[in-house]
Amino acid sequence: MMTSVDTDLIRVLADPLRLRIVTLLAKETLCTTHLVEETGARQTNLSNHLRVLREAGVVETEPCGRYTYYRLRPDVIASLAGHFADLADSARNAAGNKRACP
């Protein structure tokens, strides 16, 4: 069963730009400058989205001089994927179940 934490995480990842950021960070650790170049988003907008992802626990930061690098936390994504896999299993097992109408 999905918890409120899971549904909050789904809402966080439902934003197209945040999902794009997560997809990019799945491939490599990037700083804000790289993410601006890759997404075309304004730096302030991107920083706001990165803050949301950080607060949700999806990404973690690594200071490097005057830059901050962002790294995806794969355990968080794997946990969410596990919940979706459980839902898919339940749907497969319930394929023949039909509740009668009153």
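Colleague: Which residue caps the N-terminal end of H2?

Modeller: A polar contact is a pair of N or O atoms within 3.5 Å; within protein, one must be able to donate a hydrogen and the other to accept it, and residues adjacent in sequence count only if both atoms are side-chain atoms. Here Asp-15 caps H2, with a side-chain oxygen 2.9 Å from the backbone nitrogen of Leu-17. Helices (H or I, at least four residues) and strands (E, at least two) are DSSP runs, numbered from the N terminus. This is a predicted model, in which local features need pLDDT of at least 70, side-chain atom pairs count only at pLDDT 80 or more, and totals for chains, interfaces and linings use all residues. Residues are numbered from 1 along each chain as its sequence is written, and side-chain values use heavy atoms, leaving out hydrogens and water.

Colleague: Which residues of helix H2 are buried?

Modeller: Buried means under 20% relative accessible area (1.4 Å probe, protein chains only). In H2, residues 16-25, these are Leu-17, Arg-18, Ile-21, Val-22, Leu-24 and Leu-25. They cover an arc of only 160° around the axis (taken from the directions from the helix axis to the C-beta atoms), which puts them on the same side of H2.

Colleague: Which members of the largest nonpolar core touch the most others?

Modeller: A nonpolar core is a set of buried Ala, Val, Leu, Ile, Met, Phe, Trp, Tyr and Cys residues joined through side-chain atoms within 4.5 Å. Of the 20 residues in the largest one, they are Ile-21, Leu-25, Leu-35, Leu-53 and Val-58. H2 gives the largest share of this core, five residues.

Colleague: How do E2 and E3 pair?

Modeller: Two strands pair if DSSP finds at least two bridges between them. Strand E2 (residues 59-64) and E3 are antiparallel over six bridges, and Val-59 stands opposite Leu-72 in E3.

Note on methods:
Buried means under 20% relative accessible area, exposed over 50%, partly exposed in between (1.4 Å probe, protein chains only).
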